[in-house]
Amino acid sequence: MAIISPLYVIKVGSSTVLSPDKTVYKEMKRLSDKGNKILLVAGGAKGIEEYYQTIQREVTFLDLNNGSQARYCTAEEMNHIHDAYQQVMIPVLTNGLEDQGLKTFAQCAGEQGLVLGKQGPPLKVVKDGKKGIVRDSLYGSYASCDKLLIESLLSHYDVVCLTPPIQNADHSQQYLNIDADMLAAHLAIDMNAHHLRFVTGTNGLLQDVDDPDSTVKDIYLDDPLDYVQGRMKQKVRAAQSAIRLGICDVAIMGPSMSHSSSSWFWDMKDADDSYDLMNKVVRIPSVSHNEEELTQYLLHHIQIPGVTNAVDHAGNIVFEKGDGDHTLLLLGHVDTVPHLWKVKSEETTISGRGVVDAKGCFVNFVQMLKDVQVPVNCKLKVIGAVEEEVSSSAGAYYVRDHHPADAVIIGEPSGENNLTLGYHGLLKLGITINKSQKHSASRGNVSVADQFFLIKNELESRMKIIDPDHVATTTRVNQYKEEDRDVLEAILNFRISPGVEEDYVSKLNLRVSEEITIDVLRATPGFMNKRNCLLVKSFAKSFANQKVKCKYLKKTGTSDMNTLATTWKDVPIIAYGPGDSNLDHTNEEFQSYSEIDQSRIILKDAIEYWFSRVTEVEKRAHRQRVSQ
């Protein structure tokens, strides 16, 4: 059983859990409502103190040789620690989440062997000024978890809560204490989590513990961390363990899950400024409908002088430079197709999900906000749209209706020396066949599968008359039985050539029979931009300056260009960006830094030429008005 929805592993401290402030529970509700799965790991220091007070028992610690302290966990103490989680922490967690309407499962991680650990070695301690060895403290490190069972729990509950202790892998009747931060980090690794969050009582990781405004926004592998103190050391250690072992998106934030006070950890050295943002954007997972972590990071961490930024009502990240009347829109998209695979940053290339389609293009657009001087009568707007990779295209539709522009460059991979002038449209059909069951050996029986292929062939024949250059693809087939009925559900996509009349759907005649329903899930027309507009000429000028012979492309895919063109009839729209589009949606996506550099030069030159021509036209018009 695989987890399809994005998975958050969230570690919260006992102070947060026991606080009367219910913000963290509300945030779990918000994440769950967006379709995410949540594995919540809770610490217990405050809960243990509270429980020990009720049983009038003293909490004991050991002074270690290295100057730190560790809880003393004899077999007797471990029983009390387990009871503290069971009687204090877990009821508060469960009540807090269920008060938000969340279906919740909560238990100590070691019960039923859900999480197993390895007992740690004897502890070197100092007692009464003398060094010694303690052998009976039952603490341990993470060994493994029952991934199938946790996946099953996540599929049935909105939130799954686990706490220490864990079970000794060599002694099924013995609990081991474990640091909750490290427990969360290892669970995130084993469960291949999209996001790992450590929620703390401070504003993320502070450079100065006495200054709540000293949040360190980015922590790289080679950063000195001498300023980290106390319990925060363990959180940092857990965060660094997670990123080294494959979790790309790791942050410490607090006292809530607000991105305004968050510290991100990166499995890379402090990169050259030219590629730093590229490396980060690719590392933050943003599968369609789950773009919020990336857009919020961009909102709070990308500050460019003279540039405003915001997240609009659709969830798009929007940057603006200049406040003139002539707007050039650079429209990229920040979502990707599933699934996750580890980002690799080499000396000359970067690979990872979405680096080609189309985070590399979007980051180049953001770079233009730094590199391009915008004339006083103009505006440069950069938008990272959401949900481009799914049929809703919610981000682009919102842009179409709320972010007008005079010309648009779409961020899609064309290759550094190519310019995309058009895309095929998309007709997405949902086909359902529902008929009474018959034995497969019955004479004259036509199965629902056979019937689907007959329908598909018939629809393709009709479409060929309307659009000889169309491309047809079946993207989903699901067949099942329902009482005495055979049911088949399928999605059939037609890529429609630019220039085909927009009423082509009515010519298909989608009424077949009572047993067959065909629904139009999306009908976006094709689009082809003219070559004689100022925007194309601006790129032609830029290519010529680089002594490059440009190739003009018409692609069989569909992009946000098509969505804008449904109503923006007189607005020039082209697509440009680095990368090989043949790598789109594959596990071989990579970008070379040299192509990124060259495409930035061409893009910057084209933008500046477009602005200069728009400004000159306005000046000429002004002179004519004055002379009259």
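Trainee: Which residue lies over the face of Y157?

Mentor: In this predicted model, K103 lies over the face of Y157, at 5.2 Å from the ring centre.

Trainee: Why is the aromatic pair of F543 and Y576 called edge-to-face?

Mentor: The count comes to 10 aromatic pairs. In the pair formed by F543 and Y576, the centres lie 6.1 Å apart and the planes make an angle of 75°. Centres within 6.5 Å make a pair and planes over 60 degrees apart make it edge-to-face, so both terms apply. The pair links distant parts of the chain, with F543 in helix 14 and Y576 in the loop between strand 31 and strand 32, 33 residues apart.

Trainee: How do you know that F543 is buried?

Mentor: F543 has a relative accessible area of 1%. Buried means under 20%, so F543 qualifies. Y576 is likewise buried, with a relative accessible area of 1%.

Trainee: What makes W610 and F611 an edge-to-face pair?

Mentor: Their ring centres are 5.5 Å apart, and the angle between the planes is 65°. The angle is over 60 degrees and the distance is within 6.5 Å, so the term holds. W610 is buried at 4% relative accessibility, and F611 is buried at 1%.

Trainee: Why are strand 26 and strand 28 called edge strands?

Mentor: The open sheet has the order 26-27-25-28 with antiparallel pairing. Strand 26 (471-482) and strand 28 (516-524) each pair on one side only.

Trainee: How do you know that strand 26 and strand 27 pair?

Mentor: Strand 26 and strand 27 share 11 bridges in the antiparallel sense. The bridge partner of R476 in strand 27 is I491.

Conventions: Residues numbered from 1 in each chain as written. Predicted model: local features only at pLDDT ≥ 70, side-chain atom pairs only at ≥ 80, totals over all residues. Heavy atoms only, no water. Pairing = 2+ DSSP bridges. Helix = DSSP H or I, 4+ residues; strand = E, 2+ residues; numbered from the N terminus. Phe/Tyr/Trp six-rings, centres within 6.5 Å; stacked < 30°, edge-to-face > 60°. Buried < 20%, exposed > 50% of the residue type's maximum accessible area, 1.4 Å probe, protein only. Lys NZ or Arg CZ within 6 Å of the ring centre and 35° of its normal.
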